[in-house]
Amino acid sequence: MRDNLFHLRRLLAWTVGALVLLLVFEPPLWCDSGVGLFDEFRCLLPDGTIPELSAVPLLRPGPSIVLEAALMLVCTMVIRYEKRFFDRFGSKRPSTAFPEVFLVILAVMWVDLVVYLVLRQKSFRFAPYGRLALLFYWKETQRVFGSAVHCLKEFTNLVIFVLGSVWFFAWLLLMILDDTDEVRPPGFETFGDASKTLFSMAAGANFPDGMDDLVRRHAAFGFIFYLYMALTFVLFMNLMLAVVYNSYLENMKMVLKGFLEQRHKALLEIFVLLAEADWDPEKSGPLSAQCTLDDLRISHVVFEEFIDVLSTFSGFKSQVKRNYAEIFLKMLDDDQNDELDLKEFMLTLDILHYKIWILPERSLLMRRVDANFNASSCFVKSLLAVYNFVTTGKLTLITNIVLTLNFFFMLLESHYDMSKLEMPSYLDNLETFFSSIYVVEVLLTVSVVSMRSYLSHTENVFDCVVSWLLFFAGMEKALVSSYQLNLVRYLNILRMFRMMKFMGRVPQFKKMCSCVARLFEVSHEMMLMFLMSDAFFALVGMHAFGGLLYATNPVLTDSDYLAAGYDVLNFNDFIGSLGTLFSMVINEYMPELEGALSLVTFHPAGLVYCSMVLFMMVNISFNIFTAFTIDVFVSLDAAEFDRTSSVYDARMAQMKASLSSHQRILLHAEMPTHVKYLMTLALDIDGLDDAKQEFTQKVDKRLFQRGCREGSKPSLADNFAF
């Protein structure tokens, strides 16, 4: 039943992802809904013109509703199944599992779907927000947003300081203007206008434009504005970045500390259980009250049975196999005595995170040739020469030279293409040559190296696909005389992708490429938080301002929004809304858009919406993402990052060399980057080692007598069935 739940939760993840993705293709609510559910969909502005929409095709209302209902049905059935499971095994229910809450959300979504099917309203639907809420079903989403919420207290204090500074300087400027009996300039007519102008300046917009009129009247006003910007934009806004991320990181460390403490406690209990199963009273004597954890050992036989039991659980099947038990044991066994003491066993879960796969070193062709041909034959010698040519790096060196030449050829070819000049015939021949040479590299490599080993590396899969695409496109252009379509620019794009591998080999760029790749591996939670925040505000924008921002709208005549050419930034569909929100995040604050939103609805609407985007998305989500990127980059570059797995990697290297030299087998093993990052982060957690030591000292000695004094040894499968 637990295995069924594991697979159903994976199905639920894909289903919720499909529900969120459906937002991209659903017709916007504001569009004309007077057509039938399955009729051709029409989306027109109030003046009858076609609106600015993204290039994504939109579904008709009927198919959209059918897809939504089908996906919601799957979600409802899976979550109901999980609720029944937890009702049956209530004591093992995770603290982050709340199926009842999500069943309520789904019930409201069903009601919303029925209402929309009957009324086809144009103003609001709950279902899009419910889909985002379903993403909180997973603990990763709960954790990242819980940590973000934890920083709201410190963030609120800074917001109060910023707003207080805005109001104080607005009052100060108006007092000075009234004292001089001068006419107030635009943007400072009233206290509200002055506050709005200063707020946009604090956000990084409208400066120095907002102060020009006042500074022209008297240069002394410049000192007030410079002091204001130094206080708000330079100090407070940057403090938001530091305070928000520091609070977020401290909460993440607290969560990680709690997890590691519980994991340590569980490993202690498992160690005792395995040691009991391996204790031989006739050989070592009965367990007594004087025994300590340091006296216990786990033999390789029991450890292999432990790995075998773990491999039966769905969560471990993909990465833990019984034949990996010897590899795990050698990585853990510091003194290589085929036994694990407490200190060695406590590192088990770190080892289990390794991605391990065992593959033949040589290709099927070489293995068959070795088995059926005489070693002195010319064919075998030729094949061995190719093998040495590939494995010693000579082929890679030649490929790098070809890549460099191809780069200059690509620049020359692009010059002719973009200048609309006739392409010389010799360039066509060179294009065919470069299109073929990469395929030759792939064929030579897979002729002597195991195909499975070659394709086990992502960069090789990428190279193989791009090489064959270049080859077929080049051959088609060379062989088809009536070739009309100009593929030069598209082939050059593929060649540029092919150059990425060469960039990764250059020492000056290798480190940067590695850090960027690792950064993507560890920042998925940050990206999820930012994308969910972006999606939420995009939905709000669609429901509030969809179909209202267009060039011919009479209320926008002579507005700064149209004067700046921002009519392409709108909330007409989901993709367009995401793009508009992303522009707002990059610019931090856009007073032109804020004014337009107020004009098409009512006065405070634009200010409230843009302020919420500024504080919630820019100053929290985006600031956390920015600071996290910096912190991770520094951590990835630090010596402690690779040191966390250096001991295991060294032992793994010895096993790799042994298997390769004796059995012609390649052992691939790597620890995921996000696991290394968490291990590095754990080094800075205060009190973690003391808490682990306290847990170790509190292990009840009665655990040693369990089962052994009565002469019973329950099977590991029974003990781990929970």
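**Ground rules**

I number residues from 1 along each chain as its sequence is written, and I leave out hydrogens and water, since side-chain values use heavy atoms. For this predicted model, local features need pLDDT of at least 70 and side-chain atom pairs count only at pLDDT 80 or more, while totals for chains, interfaces and linings use all residues.

**Nonpolar cores**

I began with the nonpolar cores, meaning sets of buried Ala, Val, Leu, Ile, Met, Phe, Trp, Tyr and Cys residues joined through side-chain atoms within 4.5 Å. For burial I use relative accessible area: buried is under 20%, exposed is over 50%, and partly exposed is in between, with a 1.4 Å probe and protein chains only.

The largest nonpolar core has 109 residues, and L198, F225, L549, Y609 and I624 touch the most other members. Helix α9 (residues 220-278) supplies the largest share of this core, 15 residues. My helices are DSSP runs of H or I with at least four residues (strands would be E, at least two), numbered from the N terminus.

Next I looked up F225. Leaving aside residues up to four places away in sequence, F225 touches L173, F188, L198, M201, M211 and L214; contact here means heavy atoms within 4.5 Å. I also noted another core lying apart from the largest one, with 31 residues, including V272, L293, F306 and L329.

**Salt bridges**

I then went through the salt bridges, where a side-chain nitrogen of Lys or Arg is within 4 Å of a carboxyl oxygen of Asp or Glu. By this rule I have nine salt bridges.

The pair of E82 and R9 has its closest N and O atoms 2.3 Å apart. E82 is in helix α2 (residues 61-88) and R9 in helix α1 (residues 2-25), so I wrote this down as a link between distant parts of the chain, 73 residues apart. Are the two partners buried or partly exposed? E82 is buried at 2% relative accessibility, whereas R9 is partly exposed at 26%.

For D112 and R125, the closest N and O atoms of the salt bridge are 2.8 Å apart. D112 sits in helix α3 (residues 99-119) and R125 in the loop between α3 and α4 (127-134), so the pair ties together parts 13 residues apart in sequence. Here D112 is buried, with a relative accessible area of 10%, and R125 is buried too, at 5%. I also found D112 and R125 in a network of salt bridges that links them with E26, E68 and R131.

My last pair was E594 with K196, whose closest N and O atoms are 3.2 Å apart. E594 counts as buried at 2% relative accessibility, while K196 is partly exposed at 29%.

**Cysteines**

How many disulfides does the structure hold? I found one, taking a disulfide as a pair of cysteine sulfur atoms within 2.5 Å. The disulfide joins C31 to C43, with S to S at 1.9 Å. The link is left-handed, with -45° about the S-S bond. Both C31 and C43 lie in the loop between α1 and α2, so the pair ties together parts twelve residues apart in sequence. C31 is buried at 1% relative accessible area, and C43 is buried at 11%.

I looked up two further cysteines as well: C151 counts as buried at 0% relative accessibility, and C464 counts as buried at 18%.
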